[in-house]
Amino acid sequence: MTETMRGVFLPGNSTAEVREYPVPTPGHGQLVIKMGASGICGSDIGYIFHEYKTHKGLDGKPAYKGVIAGHEPSGRVVSKGPGCVRFDEGDRVLIYHIVGCGRCPNCRSGNFISCSDGRYREAYGWQRDGGHADYVLVEESTCIPLPEPLTYEDGALIACGFGTAYEGLKRTGIKGGEDLLVVGLGPVGMAAATIGRLLGARRVIGVERGAERIAFVEQTGLVDDIVVADDASADAVLDLTGGVGCAVAVDCSGSAPGRSTALEAAAEWGRVSLLGEGGRLETEVSDVMLHKQLTVFASWVTSLQGMEDLTGKLQAEAVHPDRVVSHRMSLSDAHQAYTLAAAGAAGKVVLVPEEQP
Ligand SMILES: [Zn+2]
Ligand SMILES: [Zn+2]
């Protein structure tokens, strides 16, 4: 008799269904992970939950292939197939959310996210079964050790948003004593604030529109000042910094006004990283960019090694990403969890099992 498990299917009509699936069996080079925590991402909402949409760079068809959802899992290895060389039963891991071909230049530099071979590129929760389930079948090559004292929720957060924020900040070369501006204080913005501090930022200023989010972020203590997003927010940031602006700015809002704020409030010789998806970049070029000698980076996710490096830094300083979680929901309550996340929950919404693996 085949053992069964729960898994979340998204029909694309703003509902989430908990269905029954067989517990997977690992093949060569594969592991089965018992889920410890599994995050709901903005991209799950934007491209799958409400309706199926394409994700630029793929084949123009909906990116979601009707699999078990969830691309931000962490958990414990419960079985392994032949040919696994790094992990064993009992190990705690987090999962880099894309499997690549392993041969193209991007894969060979660990950037599975940008794998150019569409025949083999598969994201968990999009093109192959993902982490919103009791168990998930993964390639050993996509697993990263999750060391104590990091929690499963920490792992789930590193698996997407924190990895993304880390890469974007790393490219700016942020260093001790610099001021950091974070535009958009959703889960990725809170990740940028956390990691910016870890990398030495002196003062962290956030810009956010939502009152609930502002209240949530204030109690986490992740930022020093919060400016309400409006037409005057760049000026407000300049006022806070004695007219200088911030040496480093990241946009996590994914909105045209948010990006403009990041550029306008960046200091002379500032570095600006764009992390938020969608929309357009609109700005005045001469005064805002050229005359200030700005450098702008655009960054998508991170590499396997980037994710592992970040995990090591967080562990070394015992910094817990799970501070950005506002709602922990049971896998069986996936529909309520998705509905909350879609309504713009104050912080991150994470699915958790009834019992820690
Ligand atoms: Zn994600
Ligand atoms: Zn590849």
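Two strands are taken to pair if DSSP finds at least two bridges between them. The model is a predicted one, and the first question applies that criterion to it.

Q: What makes strand S3 and strand S4 a pair, and in which sense do they run?
A: Strand S3 (residues 30-39) and strand S4 (residues 73-80) are joined over 7 bridges in the antiparallel sense, and since a pair needs at least two bridges, they qualify. Within this pairing, Lys34 stands opposite Arg76 in S4.

Q: Why are strand S12 and strand S15 called edge strands?
A: They belong to an open sheet of 6 strands with parallel pairing, in the order S12-S11-S10-S13-S14-S15. Strand S12 (225-228) and strand S15 (295-298) each pair on one side only, so they are its edge strands. From one strand to the next, the twist of this sheet averages 20°.

Q: What makes strand S11 and S12 a parallel pair?
A: Strand S11 (residues 203-208) and S12 run parallel and are joined by 4 bridges, where at least two are required; in this pair Ile205 stands opposite Asp225 in S12. Helix H3 packs on the sheet, touching strand S13 (246-251), strand S14 (266-274) and S15, and its direction makes about 150° with that of S14. Helix H5 (residues 211-220), for its part, lies across S11 and S12, running at about 160° to S11.

Q: Why is the largest nonpolar core said to lie between domain 1 and domain 2?
A: The core has 103 residues, of which Leu181, Val182, Ala192, Cys246 and Ala249 touch the most other members, while helix H3 (residues 152-172) gives the most to it, with 10 residues. Because domain 1 (4-151 + 320-352) and domain 2 (164-298) both give residues to this core, it lies between them. Leu181 is itself in contact with Ile205, Val237, Cys246, Ala249, Ala262 and Ala265, once its neighbours within four places in sequence are left aside.

Q: How many residues of domain 1 and domain 2 are in contact?
A: In domain 1, 9 residues are in contact with 10 residues of domain 2, and the side of domain 1 that touches domain 2 has 3 nonpolar, 4 polar and 2 charged residues. The centres of domain 1 and domain 2, taken over C-alpha atoms, are separated by 28 Å.

Q: Why does Ala318 count as exposed?
A: Ala318 has 9 C-beta neighbours inside 10 Å, and a residue with 12 or fewer is classed as exposed, so the label follows. Ala318 is found in the loop between helix H9 (304-316) and strand S16 (325-330). Ala318 and Leu31 are 287 residues apart in sequence and 27 Å apart in space, C-alpha to C-alpha.

Q: What makes helix H7 mostly covered?
A: In helix H7 (residues 256-264), 7 of its 9 residues are buried, a label that requires 20 or more other C-beta atoms within 10 Å. These buried residues are Gly258, Arg259, Ser260, Thr261, Ala262, Leu263 and Glu264. The buried residues of H7 pack against strand S10 (179-183), S11, helix H6 (233-240), S13, S14 and helix H8 (286-290).

Conventions
Residues are numbered from 1 along each chain as its sequence is written. Chains are lettered from A and ligands numbered from 1 in the order in which they are written. This is a predicted model: local features need pLDDT of at least 70, side-chain atom pairs count only at pLDDT 80 or more; totals for chains, interfaces and linings use all residues. Domain bounds come from an automatic or database domain assignment. Two residues are in contact if their C-beta atoms, placed from the backbone, lie within 7 Å. Ala, Val, Leu, Ile, Met, Phe, Trp, Tyr, Cys and Pro count as nonpolar, Asp, Glu, Lys and Arg as charged, and the others, Gly among them, as polar. A nonpolar core is a set of buried Ala, Val, Leu, Ile, Met, Phe, Trp, Tyr and Cys residues joined through C-beta atoms within 7 Å. Helices (H or I, at least four residues) and strands (E, at least two) are DSSP runs, numbered from the N terminus. Axes are lines fitted to C-alpha atoms, for helices over the stretch in contact, and angles run from 0 to 180 degrees between N-to-C directions.
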